[in-house]
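Thanks for making time this morning. I would like to walk through one model with you, beginning with the whole and then moving along to particular residues.

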Amino acid sequence: MEVLFDAASADASEQGIEVGVTLADLYQLHAKAAAEQSSAVATRLSADLDSVSSQLRAARDENEQLRSAYEELRAEHDELRKQVSLKADSLRVLQRKYAVLRRKAAALREQASLLEAGSSAASPDAPAAAPLPVPRQEGDRQRTELDEAAARNVARRAETLYGGGRQADELLALLRHTTDAYSPAETALLVLLLTQEGRVDLVRDLLHIYGRDKPDHEVLRTALELLRSGAPAHAETVLLAATEARKPRQNP
């Protein structure tokens with residue numbers, strides 16, 4: 001500042017011009033200009049800082065929204081995976097049930113074929129046998145007269161097959177179908193009727209198949225019906241058959 005002031009004063013003196021500004025005035029003017037310049041720079045920097053801060057806040061808000069959306073999508077994805085897994089499990093269960101039903105249907109078709117073969121080969125003079133019952137449902141027949149009628153139908157059918165001399169295959173098919181279709185009360189009545197007619201071997205086979213193939217609760221109910229009907233030996237036979245069938249097999 002001093003060099004500039006001295007140079008300006010020398011030039012003005014040579015030209016006969018009086019300098020109306022002192023060095024102190026020049027210092028003040030320079031300080032004022034510097035302050036104004038600094039203020040303008042500070043204002044611009046503050047504005048820029050505010051703008052950057054606003055952009056940063058907006059970016060943070062957007063990032064938070066994206067993170068929230070991501071969490072929701074991930075939760076939805078996990079829920080969809082669970083649903084797919086549950087549906088896959090349900091499908092496997094249905095497939096297993098379908099396979100079981102197919103096997104049962106095949107067994108029923110085979111039994112029906114055997115019964116039809118036995119019916120067609122029976123003597124023309126034999127009395128017509130009533131059709132075998134369908135599997136029992138709750139409330140679909142009376143507990144006394146109809147049960148006895150169903151048991152008598154099978155007894156007549158067994159007598160027809162036995163008298164025709166083809167008791168081996170036909171009677172076995174008849175007994176298997178009977179164990180599937182008859183209630184405990186009907187089975188007990190059938191056992192008593194066959195016992196009265198002297199069909200000891202047929203009764204033994206029927207109780208063996210019934211104890212082997214039927215669920216425990218039905219075996220117990222049938223044994224109870226036999227006990228109530230005064231046939232404890234038959235009740236013991238069906239229980240022993242169920243016990244033997246459920247023993248674990250021992251490896252040789």
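Predicted model: local features only at pLDDT ≥ 70, side-chain atom pairs only at ≥ 80, totals over all residues.

Residues are numbered from 1 along each chain as its sequence is written, and side-chain values use heavy atoms, with hydrogens and water left out.

Let me start with the overall make-up. The protein has 8 helices and 0 strands, where helices (H or I, at least four residues) and strands (E, at least two) are DSSP runs numbered from the N terminus. Along the sequence this reads as α-α-α-α-α-α-α-α. Of its 252 residues, 23% count as buried, and by buried I mean under 20% relative accessible area, with exposed being over 50% and partly exposed lying in between, for a 1.4 Å probe and protein chains only. The accessible surface comes to about 18200 Å², and 55% of that belongs to carbon and sulfur atoms; these areas come from the Shrake-Rupley method with a 1.4 Å probe, and for residues only the protein chains shown count as cover. If we take contacts, meaning heavy atoms within 4.5 Å, and keep those with a separation of 6 or more, then residues 24 or more positions apart account for 66% of them.

Now to the core. Which residues of the largest nonpolar core touch the most other members? Among its 18 residues, they are Val191, Leu194, Leu206, Leu207, Leu226 and Val238. At least two residues of this core come from each of H5, helix H6 (200-213), helix H7 (216-228) and helix H8 (232-245), and H6 gives the most, with 6 residues. A nonpolar core here is a set of buried Ala, Val, Leu, Ile, Met, Phe, Trp, Tyr and Cys residues joined through side-chain atoms within 4.5 Å. Looking at valine 238 by itself, and not counting residues up to four places away in sequence, we find it touching Leu207, Tyr210, Gly211, Val219, Ala223 and Leu226.

Staying with H5, threonine 187 lies in this helix, which covers residues 184-196, and the residue is buried, with a relative accessible area of 0%. Leaving aside its neighbours within four places in sequence, threonine 187 is in contact with Tyr182, Tyr210 and Thr222. Serine 183 is found in the loop between helix H4 (167-181) and H5, and at 2% relative accessibility serine 183 also counts as buried. Serine 183 and threonine 222 are 39 residues apart in sequence, yet their C-alpha atoms are 8.1 Å apart in space.

Turning to charged pairs, side chains of opposite charge can pair when their charged atoms come close. How many salt bridges does a search of the whole structure find? It finds 6, a salt bridge being a side-chain nitrogen of Lys or Arg within 4 Å of a carboxyl oxygen of Asp or Glu. One of them joins arginine 92 to aspartate 89, with the closest N and O atoms 2.0 Å apart; the two are 3 residues apart in helix H2 (residues 23-121), so about one helical turn separates them. Arginine 92 is partly exposed at 42%, and aspartate 89 is partly exposed at 33%. Another links arginine 212 with aspartate 213 at 2.8 Å between the closest N and O atoms, and there too arginine 212 is partly exposed, at 36%, as is aspartate 213, at 41%. Buried or exposed, then, for lysine 214 and glutamate 218? Both are buried, and their side chains meet in a salt bridge at 3.1 Å, N to O.

Helix H1 (residues 2-14) has 13 residues and reaches 18 Å from its first C-alpha to its last, close to the 18 Å expected at 1.5 Å a residue, where the expected span is 1.5 Å times one less than the number of residues. Just after H1, glycine 16 takes a positive phi of about 70°. Glycine 20 lies in the loop between H1 and H2 and is exposed, with a relative accessible area of 72%.
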